[in-house]
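Dear colleague,

Please find the structure below, handed over for your use. The findings follow it, with the conventions given where they are needed.

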Amino acid sequence: MNRILFSKTGMAKYISHLDLMRTMQRALLRAGLEIKHTQGFNPHPHMVFALPLPVGCESCCELMDFELVKDAGEEEIVSGMNRTLPEGIEVISAYVPERKLKEIAKLEMEIIFTFDSGATEEKADRLRELFERNEIVVNKKTKKGFSDINIRELMDKVEISIYNSSKIRLSAVIAAQNPSLNPLLITTAIGNYEPELAPDQVSYNRKEIYDNEMNIFR
Amino acid sequence: MRKIGLPLYALESKDPVKDFDIVAFSLGYEMAYTSVINMLDLAGIPLHREDREGLKNLVIAGGTCTYNSEPLCDFVDLFSIGEGEDALCELAELYGKAKAGGWSKREFLRKAADIDGIYVPEFYDISYNEDGTVRAITPIDGVRPVVTKRIVQDFEHSYFPEKTIIPSTEIVHDRVVLELFRGCIRGCRFCQAGYVYRPVRRRSSDVLAEHAINALKDSGYEEMTLSSLSTSDYKELNVLCDKLLDYCEPRKISLSLPSLRADNFSFELMERVQRVRKSGLTFAPEAGSQRLRDAINKNVREEDLFNTCRIAFEGGWNAVKLYFMLGLPTETDEDVKAIADLANQVVYIWKKHAKNKSRGVRITVSTSFFVPKFLTPIQWEAQNAMSEYKRKVQLLADTMKNRAVTYNWHDPETSYIEAVLARGDRRIGKVLEEVVKNGSGLQAWSEYFSFDLWMESFKACGIDPDFYAARERSKDEVLPWDMISAGVRKDYLWRERETAYRGEITPDCRKQCTGCGANLIYKGGRCDE
Ligand code: SF4
């Protein structure tokens with residue numbers, strides 16, 4: 001079993017999860033690294049992504065597990081893949097994993113809101129006030145229709161600060177899986193609770209992943 | 001894009017299209033014409049060729065439907081007729097010289113008009129008769145009167161794209177496409193590709209296997225498709241499949257073989273190569289009766305089709321799709337009803353031979369509305385009226401009573417517009433512009449296609465679409481595309497038309513050369529060697 005740590009930034013943030021799977025599979029093959037296929041009637045390459053990244057989010061801490069037909073060294077995987085991957089996706093390291101992906105519990109997110117009307121302390125304060133609530137309910141589309149969820153209980157360590165003259169930065173540690181919090185819902189919540197504070201542009205960035213004890217997960 | 005003022009940009013480099021020296025369109029389908037105009041507009045490039053003064057933003061086009069380029073002549077500076085591999089290199093070289101030497105656009109175009117396979121509409125003057133037909137095509141400035149399409153002479157050693165741009169998102173044809181041969185030996189009379197891609201030239205299985213493996217390695221694709229007009233006619237098909245499977249099978253790379261004929265051999269091959277679910281088989285007999293199939297020279301015999309179906313049903317397949325065209329020349333109501341008979345017989349074969357009947361059988365019959373295409377023996381023919389097509393659809397639906405058969409028909413509106421554009425002349429250009437101005441450029445997409453918009457645009461431009469779609473041309477009428485030759489002589493096409501009306505078939509090129517003329521443009525070689 002192999003695991004890679006990779007980043008997905010810039011224009012590559014628009015590559016969807018399904019396309020990312022294809023891209024990774026091709027990158028491995030193009031690097032001359034043959035990936036093992038699942039057994040069965042309709043074999044497909046065996047790859048597991050730790051946490052699917054929503055389209056539009058950047059990240060510097062993505063993990064993918066896979067198995068190769070022939071073993072390859074860390075250096076071979078890293079340089080081979082980086083030679084063939086598209087701009088914006090970069091393999092940082094490759095290794096044999098010691099921990100199971102399901103031990104991932106939390107994510108550190110950075111969200112930058114852009115306001116065409118400028119970022120002011122007043123706006124930052126109002127945002128801080130909003131996230132001081134214990135309950136922020138958002139209507140979320142699920143497989144079975146719609147349901148209300150309290151996103152606040154899935155967020156921790158919320159910090160809000162002025163980033164520059166037009167941008168406000170929000171950082172938070174959010175639930176990573178079972179259940180997870182889609183960071184786009186944080187923006188939805190702002191629009192619902194404080195329509196005047198609805199940002200003109202938002203960028204999302206996954207900064208780090210942790211286990212339940214807040215140790216960095218690799 | 002218009003709303004936020006974002007000009008059209010290149011997908012990979014993100015450079016504005018307006019910054020490019022040459023903007024080239026590849027056109028395989030007439031309904032894409034409006035997209036050309038829309039894209040130029042989105043890019044901020046003046047639409048009309050005479051409004052683009054310098055060498056910058058030279059607009060060129062090529063592809064099967066540009067063998068009749070006339071509808072786009074207002075907008076496109078020059079067309080590459082036939083295969084572009086060689087002509088485009090020569091054109092780019094000339095462009096480089098022109099740029100370095102500070103030539104005027106007219107100087108450049110005049111020289112380009114001397115490159116084999118390049119058609120520059122500016123140098124062909126069109127005059128019309130009172131009845132609206134073309135009176136004469138007059139070459140000016142000493143350009144050659146007829147532009148003959150360009151072909152690759154040495155196909156075996158010609159360029160094959162082993163290194164391609166690998167997309168990060170899913171695209172159409174998201175796989176390695178291995179081109180086996182060009183041209184087709186069959187000569188189905190309705191099929192434009194069968195005439196304009198002549199003569200047949202092929203690559204050897206050794207060369208193909210090498211290209212295939214290199215392309216798979218470089219791209220990381222896990223799928224490959226063999227491409228040609230008729231895969232079964234590739235002489236070394238079995239050998240090639242062995243070579244490819246040796247590489248593909250252990251690597252779980254899947255191989256697909258489209259355009260197979262309905263015979264046993266093809267079926268066995270498909271079973272061997274494609275690890276697909278045993279669900280659907282597809283055949284295109286095109287016409288219901290043997291008489292009409294002979295008239296259009298579609299050499300599918302009922303026995304072959306039934307045989308293949310029998311083997312398929314015995315092997316556990318339980319769905320067959322059958323494609324037909326309605327509105328073919330000489331078609332009678334009997335021919336239409338014969339489609340239902342054919343479908344019924346396939347159901348009967350299933351009843352007799354299927355191993356496992358519990359899953360039932362699904363036979364799907366689809367009909368489309370026939371579009372007569374230029375540079376085929378049918379180019380003089382009138383398209384059926386839409387009402388006639390609908391009547392035939394109804395007739396067939398009423399005849400097709402079998403519950404195991406599903407009947408789908410395509411709406412005729414798009415095919416009618418396609419028929420107008422296919423055999424259109426330069427006067428169609430303003431209609432295209434009108435459509436884009438008042439609606440969407442995406443007329444090739446059914447969700448954006450608007451028949452009313454087209455009809456209003458014809459009216460606004462004072463053009464009668466029936467003149468183009470529903471009129472039979474006479475033998476000596478000057479056709480708007482007469483300055484273009486695909487190598488096949490016009491009198492050969494006419495002869496084929498007469499043979500069709502006699503209901504006689506023409507042997508394929510492998511059996512016997514019937515002298516179409518395409519061998520004359522194939523300098524060093526012989527057809528289908
Ligand atoms: S010249 Fe003869 S063999 Fe060659 S394409 Fe024409 S009909 Fe076929």
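Helices (H or I, at least four residues) and strands (E, at least two) are DSSP runs, numbered from the N terminus. On that basis, Val146(B) belongs to the loop that links strand S6 (134-139) and strand S7 (147-148) of chain B.

This is a predicted model, in which local features need pLDDT of at least 70 and side-chain atom pairs count only at pLDDT 80 or more, while totals for chains, interfaces and linings use all residues. Residues are numbered from 1 along each chain as its sequence is written, chains are lettered from A and ligands numbered from 1 in the order in which they are written, and side-chain values use heavy atoms, with hydrogens and water left out.

To continue with Val146(B): its relative accessible area is 37%, so it counts as partly exposed (buried means under 20% relative accessible area, exposed over 50%, partly exposed in between, with a 1.4 Å probe and protein chains only). Beyond its neighbours within four places in sequence, Val146(B) is in contact (heavy atoms within 4.5 Å) with Asp482(B), Met483(B), Ile484(B) and Ser485(B).

Domains of chain B. The assignment gives domain 1 (17-148) and domain 2 (152-279 + 486-529); such bounds come from an automatic or database domain assignment. Taken over C-alpha atoms, the centres of these two domains of chain B are 29 Å apart. Their contact involves 6 residues from domain 1 and 8 residues from domain 2. Between them, about 790 Å² is buried, 50% of it from carbon and sulfur atoms; buried area is the accessible area (1.4 Å probe) that two parts lose on being put together, summed over both. Of the area that domain 1 of chain B buries against domain 2 of chain B, Tyr67(B), Glu83(B) and Glu85(B) supply 62%, more than any other three residues.

Sheets. Chain B has an open sheet of 4 strands in the order S1-S2-S3-S4, with mixed pairing (two strands pair if DSSP finds at least two bridges between them). Strand S1 (22-26) and strand S4 (118-119) of chain B are at the edges with a single partner strand each, so one side of each has no neighbour in the sheet. Strand S3 (residues 78-80) of chain B is antiparallel to S4(B), with 2 bridges, and Phe79(B) has Tyr119(B) as its bridge partner in S4(B). In chain A, strand S6 (residues 137-142) and strand S7 (residues 145-150) run antiparallel and are joined by 6 bridges. They form a hairpin with 2 residues between them, and Asn139(A) is opposite Asp148(A) in S7(A).

Cores. A nonpolar core is a set of buried Ala, Val, Leu, Ile, Met, Phe, Trp, Tyr and Cys residues joined through side-chain atoms within 4.5 Å. The largest has 151 residues, of which Leu78(B), Phe108(B), Phe313(B) and Trp454(B) touch the most other members. Helix H10 (residues 333-353) of chain B contributes the most to this core, namely 9 residues. Apart from this core lies another, of 40 residues, including Leu63(A), Leu107(A), Phe113(A) and Phe131(A).

Chain interface. In chain A, 15 residues are in contact with 16 residues of chain B. The two chains bury about 1,300 Å² between them, 50% of it on carbon and sulfur atoms. Arg26(A), Arg30(A) and His37(A) supply 42% of the area that chain A buries against chain B, more than any other three residues.

With kind regards
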